[in-house]
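Student: Hi! Could we walk through this one together?
Tutor: Happy to, let's bring it up.

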Amino acid sequence: EVQASGYLFESPDFYTLANGGPSNVNYAYQYESSLFSVFGSVNYIFANKYFLSATLRNDTSSKFLGDNNSGLFPSASIGCLASKENFWPTDISICRLKLKNCIVFYCKLHQEVLIVAQKLRKYGLFINGKEVGAKGGKTYIRENPATEEPFAEIAEAQKEDVNKAVKAASKAFETWSKLPVSERVKYVHKIAQTLEKNRDKIALTNTLETGKPIRESRLVELGGSIKTLEYYAGISGELNGESINVSEAQLTVTIREPIGVVGHIIPWNFPLLLSFWKIAPALVAGCTIVLKPAEHTPCGILEVARLCSKAGLPDGVLNVIPGDGAVAGQALVEHPDVAKVAFTGSTEVGKIVMKTAADTIKRVSLELGGKAPCVVFDDVDIDNCIEAKLRGGFFNQGENCTAVTRLLLHEKIYDKFLS
């Protein structure tokens, strides 16, 4: 067993190396034409206890024999190491063999292969500032959509767990709603700063669970979330009431007040950005939150909830309850102490949310699936237009409620456009 210590960072396809390690591991190797060859010097080494040693059979087939039937395969792909200082350096690479949650390093000095087993991530429900298990210990496994291998074990909220989360949010509302807007905005700014500080780490988690390119996770999801928080913090001064002189003897006054606990139900296509489209205005307004992420993509927002707590957000202000929509989502919409539901998802489920919320006269906001035709006029620059429409249609793999799904072309340019 190789001993190492230091900081363990995580990347979309493998763990990366940081803060030193054993000096005998000096090179990463590139798998090429069934042979190992030096690719570049490596100054970092994995820093956790999951090192297993194995032997390299140095023949033309370059097959590997790992202890405990570690399941190595001869096919390989190349990935770049990510350091904390330089997110995607181009001068360092490793051989990443197709393993079952394992990464391989080859030690030149000792002629051995190091197999690093990745841990299955575990996430609980985030209620009242703490991670807790679900009722009955119920969990489910989320696979990495890129590899279809187990990625995380996640607590699955039941109706009783939703009740606990709403109770915690209701208690927190008593204090949070009474804070001056200027004080709540300080927390919002701090959350934005925390996201910026941890942008790479959270973006990697987002890529692991959604399968989207890391660039989109960093720039669109995290970048957009940070900008959303900053925007709502900036317009907080507009939360003012009005006074109207109805007559000389009568003055009418309107006061804006937080409505209470809000339930947020989030889809899987933009799990972080769409969460903060709802979280940011709710926090500034003085509401507390119970958020149910999509079953497929709860990990990023759960990590954000952990960071928010560490950043000082009071317990119970933000609660995250991953689970099945028909169970946890339904219980959240039905709950009598939830004052508003904000739902983003399909039209069919949106109808159910509206009908259910009507029983307790909740406020509801819906962002539902739809069609997005694009109207193209005859004075358009056709080449630029086609490029823009392709981006508009296939951004985020086309998994976007505003994706361009059809074109309405002016008859004068119809034939030219299609050609």
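Student: Which residues on the other side of α9 are exposed?
Tutor: D383, R391 and F394 are exposed there, meaning over 50% relative accessible area with a 1.4 Å probe and protein chains only, while buried means under 20% and partly exposed lies in between. This is a predicted model, with pLDDT of at least 70 needed for local features and 80 or more for side-chain atom pairs, while totals for chains, interfaces and linings use all residues. Numbering runs from 1 along each chain as its sequence is written, and side-chain values use heavy atoms, leaving out hydrogens and water.

Student: OK, and which ones in α9 are buried?
Tutor: I382, C385 and G393. Looking down the axis of α9, its buried residues fall within an arc of 60°, so they line one face of the helix; the arc is taken from the directions from the helix axis to the C-beta atoms.

Student: What covers the buried residues of α9?
Tutor: The cover includes β23 (373-376) and α10 (414-418), with contact meaning heavy atoms within 4.5 Å. Helices here are DSSP runs of H or I with at least four residues, and strands are E runs of at least two, numbered from the N terminus.

Student: What happens at the start of α9?
Tutor: A side-chain oxygen of D381 comes within 3.3 Å of the backbone nitrogen of D383.

Student: And what follows α9?
Tutor: N396, which has a positive phi, near 55°.

Student: New topic: which element gives the largest share of the lining of the largest pocket?
Tutor: That is α7, with five residues.

Notes: Polar contact = N/O pair within 3.5 Å; in protein donor to acceptor, adjacent residues only side chain to side chain.
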